[in-house]
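Here is a short note to read alongside the structure. The points below start with charged pairs and then turn to the overall build, a helix and the surface.

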Amino acid sequence: MNPITSPANPTVKHAHALLTQHRTRKKSGQTVIEGVHLLDAYLNQGLTVTTVIVSQTASEHPEVMPLLGQIDTTKITIITDSLYKQIRSLGDGVDIMAVIDIPKHHLGQITGDCLILDGLQDTGNIGTLLRTASAVGITTVITTPNTAHLWSPKCLRAGMGANFALQIFEQIPHDEIFAKVKTPLYATSSHTDKVIYHHNLQNPIAWVLGHEGQGVSQQFLAQATAIALPQPNGQESLNVGVAGSICFYEMLRQRQYG
């Protein structure tokens, strides 16, 4: 198969637009995952790609060949190394990406554990929270309208594949969240003296974590149980990814380890 050389190729052009333009992702309902790790994680969940784009050199890479063997050959597009470098958003590495459909879920009544992201913008923090939530067994994630999109290529990379094991409901208005989430809300706050170790976390919880600078919105704070994290050295606040991870693991400890 002769590799594609032109950036005007429809498949190549579409993938590049998905990588760079939120409006294209929203309109098409698709996004792009880049790299061997994400593609492997995606396929391991039994999910199906729409298209795979791979550079000519990477198509013969020992990590790539087993992945390509799992994909219908009609969905594989091989392009020149130079063209791949023009469209990729990652640096040097194994040059493979896949166009995937963004899952669509209907938000029903939530009665189990869940994570609510309220206004978070930093992809690193979001990735940390998704990975940690998945690790401790939280499978439902809800975001408010002012939160970064979890299926953007940057968030997908930060999540390292956690997205594929989660049910994600994005851009849900506050009033709908309050109507659908029947699990008690818990939010980290600097306006309480009751630290996390004095709370009973053995029943289902809806964890609310807020914007990196402004914190959890007043709408949620008015409805949530406030939790403080001890900071003996008096730092102003913890990074939200760290704070959320502490909460999740204290919940896990109480439920499984005493």
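1. A salt bridge is taken here as a side-chain nitrogen of Lys or Arg within 4 Å of a carboxyl oxygen of Asp or Glu. With that cut-off, a search of the whole structure, which is a predicted model, finds six salt bridges. Side chains of opposite charge can pair when their charged atoms come close.

2. One of these salt bridges joins the side chains of R157 and E34, with an N to O distance of 3.2 Å. This pair links distant parts of the chain, since R157 belongs to helix α7 and E34 to strand β1, 123 residues apart. What is the relative accessible area of E34, and is this residue buried or exposed? E34 has a relative accessible area of 6% and is therefore buried, the limit for that class being under 20%, whereas R157 is partly exposed at 23% relative accessibility.

3. L90 should be read together with that pair, as its contacts, leaving aside neighbours within four places in sequence, are E34, G35 and R157. The residue is found in the loop between α5 (81-87) and β4 (96-101), and at 34% relative accessibility L90 counts as partly exposed. For a sense of distance across the model, the C-alpha atoms of L90 and H198 are separated by 44 Å, the two residues being 108 apart along the chain.

4. D92 counts as exposed, with 73% relative accessibility, while R88 counts as buried at 19%.

5. The side chains of R255 and D113 also meet in a salt bridge, at 2.6 Å from N to O. Because R255 lies in helix α10 and D113 in the loop between β4 and β5 (114-118), the pair ties together parts that are 142 residues apart in sequence. R255 itself is partly exposed, with a relative accessible area of 29%.

6. As to the overall build, the protein has ten helices and ten strands, and its C-alpha atoms fill a box of roughly 65 × 35 × 30 Å along the principal axes. Of the 258 residues, 49% are buried. Among contacts between residues at least 6 apart in sequence, 78% join residues at least 24 apart.

7. Helix α3 (residues 36-44) has V36, L38, L39, A41, Y42 and L43 as its buried residues. Their cover includes β1 (30-34), α4 (65-68), β4 and α7. The helix is followed by G46, whose phi is positive, near 75 degrees.

8. N163 lies in the loop between α7 (153-159) and β7 (167-169) and counts as buried, at 1% relative accessibility. Not counting residues up to four places away in sequence, N163 touches L130, L150, W151, C155, L156 and I168.

9. On the surface, Y197, L238, V242 and I246 form a nonpolar patch with about 320 Å² of accessible area together. V242 lies in helix α10 (residues 240-256) and is partly exposed, with a relative accessible area of 43%. The protein as a whole exposes about 12,700 Å², of which carbon and sulfur atoms supply 48%.

Technical notes. Residues are numbered from 1 along each chain as its sequence is written. This is a predicted model: local features need pLDDT of at least 70, side-chain atom pairs count only at pLDDT 80 or more; totals for chains, interfaces and linings use all residues. Side-chain values use heavy atoms; hydrogens and water are left out. Helices (H or I, at least four residues) and strands (E, at least two) are DSSP runs, numbered from the N terminus. Buried means under 20% relative accessible area, exposed over 50%, partly exposed in between (1.4 Å probe, protein chains only). Contact means heavy atoms within 4.5 Å. Accessible areas come from the Shrake-Rupley method with a 1.4 Å probe; for residues, only the protein chains shown count as cover. Patches are made of residues with over 30% relative accessible area and no salt bridge: like charges are joined within 9 Å, nonpolar side chains (Val, Leu, Ile, Met, Phe, Trp, Tyr) within 5 Å.
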